[in-house]
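Subject: Model for your records, with notes on contacts and backbone

Dear colleague,

I am passing on the structure below, followed by notes on what was found in it. Please read the notes with the coordinates open beside them.

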Amino acid sequence: MATAPEAGDKSVEGVVGHTADDGVHRRDFIYVATAAFGSVGAAAAIWPFVDQMNPSADVLALASVEVNLSQVAPGQGIKVSWRGKPVFIQHLTPEQMAEAQNADLSGLRDAQTFEERTQEGHRQYLIQVGVCTHLGCIPSGTAAGEVKGDFNGWFCPCHGSHYDNAGRIRKGPAPTNLEVPEYTFLSDTNVRIG
Amino acid sequence: MFRFISYAIGATFIFVLILAGYTDLKAAADAETSESDQVREEYHKYNKSVDWSWNGNMGLGVFGGFDNQQLQRGFQVYKDVCSGCHSLKRVAFRNLQEIGFNEAEVKQIATDWVVEVPSINPDTGEADTRPATLADKFPEVYPNEIAARAANNNALPPDMSLIAKSRPDGSNYLYSLITGYEPVPASFPESQKQEGLNYNPHFHSLWIAMPPQLSDGLVEYADGTPATIDQMGKDVAAFLTWAAEPKMEERKQAGIGTIIFLLIFTGLAYIAYRRVWADQKH
Amino acid sequence: MSFGWSKPYEPTSALGKWFDERLPVPRLVHGSLGGGYEVPRNINYFYNFGVLAGLALVIQIVTGVVLAMHYAANTEVAFSSVEHIMRDVNYGWLMRYMHANGASFFFIVVYVHMWRGLYYGSYKAPRELVWMLGVVIFLLMMATAFMGYVLPWGQMSFWGATVITNLFSAIPVVGDAIVTFLLGGFAVDNATLNRFFSLHFLLPFIIAGVVMLKIWSLHIPGSNNPTGVEVKGPADTIPFHPYFTAKDLFGVGVYLTIFSIFLFFMPNFLGHPDNYIEANALATPEHIVPEWYFWPFYAILRAFTFDFILEAKLWGVVAMVSAIVLLFFLPWLDSSPVKSMRYRPKARMWTYVLLADILILSWCGGAVAEQPYIIISQIAAIYYFAHFLIILPLVSRTETPLPLPASISEAVLKGDASTGAPAGITDTGRNAAPTAQPAE
């Protein structure tokens, strides 16, 4: 080990006292680079721990369901489960459709026409998410014998929201109409929700 | 005092171990290897080694991925040959999109699958079946183990979903086993032959319940590859390797990025460490 | 913290001062991991492993909490829920492989850490409690790892649990009742799985608590060092920050790189293929082995095959427990006043024999229970007990140690030719001439 005399002195000094401060605490480029690089890596490593909370592949695969409506007679309704929530599918009679089309929309909290809530060519099927837009309870009125509320549609027992037979909010605290999900008719009686 | 307790405990353990060792050695000197063990040792063959696509450069397994064409061929072998007895219950039809089938094709595969998915008849509430959908896993072949054994001469065809990971050197083993049937060697001792089972030197006990499955031209590959026994064996082993570890490509890609990052980081940290210590002797 | 010349905490910002006056956490960090903790200047890379063990524990806890969000502790679905994590949960494969390989790496780190303690005599006064708390952590880790391995509910999980819980049946009279109590039934089943999950979740936090106590007790005398000579003055030490934070950061980089090689390219190398077969109470695998980190102890357990007054099984269990419990007494079994094996040539030789012996025991523990493995593991087990209970106490009374350096700083300045670092390890930087590397 070839050490110049002054280097030897310095090393002794380095051992004896803490002269570290002048050389060490000065942040030069390499320290900043190491810290920055490490921080970027740590930040990137956090992503998988966050993303694992998002819906998993099997949950996403069930994000759409196909329903066969051939068994649902006019005037009847069914509930199907979609993304863990009920979907109400109501097969309307011509009289119900007429009533819903001719309803007076003035003064409604969330005025939507019947045409906006159903699809061209399949107007007889009213498809909506069966979750009250107030605080998430399930309104009654789909199955025979359930309370349909003051407007012959749906009634939410939690806080008394009344929906008409097109799912529009008429009375009570709910802020909007029952939500209409995305859906596509694959054939006249087959519909894919989601 | 403490010292002597320690000596005494040590001496006791040593004494008992010496007794045990002595009796075991004496027993071992008298013991003879059973004939079946000898036969197994003599006739058992080790796995044939295949140069799989995922072994990558130099066989290090760092860069190589799956060959989707091969996986699709392997799926065809599974579908046409294996699926009659072996389920694949942890893989979903939608997963087939990961090996290059498009959505319409997978949907077709799901609806056409021979076994349907158990369901409940919406009118009567009775047990029923319905065609599979993308979201379904491959339906099980038999309703339960008893049914499976009853249909297979009391042998249980294992599920294939994890078979490549649940056997040592799984991919090579599956290939060796499925292509490894041989006529019983003339020298094979008569007393060790097993009625009703099939001779396969790659199987741990040499006698396997599954009869030979592959024969040349058994399936007709959609991509025109000649369906030799060897080709089908490789393809189906590759498919099952994917089925057991479908995230392998994702894992390797993440690994390459992570290790490059860590090497740079460690290099920087080393330089920083040497800088910090430059004025210190230690 | 513990030395008079440690730099006291001085707030560098108004906010830091405000906070410190109300809750002196900045002071605590400064005194235990910062510039206020003085560390012997000569500690080598072996001393990185304490921090690495802490990192490994953190990785296990973080990935474990994540896995518990997706895992279901029920015999019907446990195996499927693990496969669900592997196939469907976003980055689930990464979480599980990190946790499974992280357990193995935790043990690797802890074993190196223990070896360091053995070699440099870190268990001796005044650090007996540091060592004993470490043994407590080791026992807790073994329990945690064992119960964690049961959770995936594969064949090895099930049969490993069956075999290990049946060890308690060796206890005379009440043994069988204890096994039934531990299992919550007459065999490993749903009740067992549920309680193992609960305890597997709980124990790591208890480990974290014991780690705190251990660090606390370590920081009273401060770290030991390769000479085993206690700190005598300011020349012997340098502050933890920045010197050892920088060194540990580098160590962490190396550790994570090696970990990543296993994690991403051979994630099942340290596992057993049979655990990818769902548990089946009616069929035992041909060859049951525990995870590799239990192999030395498993070999000792199996080495006892002879009924001598007591049943062989009971001997095995007692010996296996003793093999770990005797570590608690190590500070008194080894009565030599000299700590480091650098200055104890005889004891050093025996300590290297012990290392080889433990490696042989591991090899036998992973092998089938047939000759010649049985006799090899019997001989190796004899040495294991002889080493700790007979050889070490004798040697420590009879040997003549080499002359010790007067102080750490003297050893550092004159010790360029000194030998005694364990094989394969050189004290890096010892030969770095200060002129060769300017401070800037």
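In what follows, a salt bridge is a side-chain nitrogen of Lys or Arg within 4 Å of a carboxyl oxygen of Asp or Glu. This is a predicted model, in which local features need pLDDT of at least 70 and side-chain atom pairs count only at pLDDT 80 or more, while totals for chains, interfaces and linings use all residues. Residues are numbered from 1 along each chain as its sequence is written, chains are lettered from A and ligands numbered from 1 in the order in which they are written, and side-chain values use heavy atoms, with hydrogens and water left out.

Chain C, between its domains

The domain assignment, which is automatic or taken from a database, divides chain C into domain 1 (20–274) and domain 2 (289–407), and the centres of these two domains, taken over C-alpha atoms, are separated by 22 Å. Counting contact as heavy atoms within 4.5 Å, 44 residues of domain 1 of chain C touch 36 residues of domain 2 of chain C. The buried area, meaning the accessible area (1.4 Å probe) that two parts lose on being put together, summed over both, is about 3,600 Å² between these domains, and carbon and sulfur atoms give 71% of that area. On the domain 1 side, C:Trp115, C:Tyr119 and C:Lys124 lose the most area to domain 2 of chain C, together 18% of what that side buries.

Two salt bridges are counted between domain 1 of chain C and domain 2 of chain C. C:Glu230 and C:Lys339 form a salt bridge through their side chains, at 2.7 Å from N to O. Helices here are DSSP runs (H or I, at least four residues), as strands are (E, at least two), numbered from the N terminus. On the side of domain 1 of chain C that touches domain 2 of chain C, H5, H6 and helix H7 (155–166) of chain C each supply at least two residues, and H6(C) provides the largest share, with 11 residues. That side divides into 29 nonpolar, nine polar and six charged residues, where Ala, Val, Leu, Ile, Met, Phe, Trp, Tyr, Cys and Pro count as nonpolar, Asp, Glu, Lys and Arg as charged, and the others, Gly among them, as polar.

Chain B against chain C

Between the chains, 65 residues of chain B are in contact with 73 residues of chain C, and the area buried is about 6,000 Å², of which carbon and sulfur atoms give 67%. The rule finds two salt bridges across this interface; B:Arg94 forms a salt bridge with C:Asp88, with the closest N and O atoms 3.3 Å apart. Polar contact is found for 18 residue pairs across the interface of chain B and chain C, both residues being at pLDDT 80 or more. Helix H1 (2–30), helix H7 (229–244) and helix H8 (248–277) of chain B are the elements that give two or more residues to the side of chain B that touches chain C, and H1(B) gives the most, with 21 residues. By class, that side of chain B has 33 nonpolar, 14 polar and 18 charged residues.

Backbone points to inspect

Most residues other than glycine have a negative phi, and most peptide bonds are trans. A cis peptide bond joins C:Ala125 and C:Pro126, with omega about 5 degrees, and C:Pro126 is found in the loop between helix H5 (92–119) and helix H6 (128–150) of chain C. Another cis peptide bond, also with omega about 5 degrees, joins C:His241 and C:Pro242; C:Pro242 is found in helix H10 (residues 240–265) of chain C. B:Asn154 has a positive phi, near 70 degrees, and lies in the loop between helix H5 (145–151) and helix H6 (170–179) of chain B.

With regards

Definitions and conventions:
A polar contact is a pair of N or O atoms within 3.5 Å; within protein, one must be able to donate a hydrogen and the other to accept it, and residues adjacent in sequence count only if both atoms are side-chain atoms.
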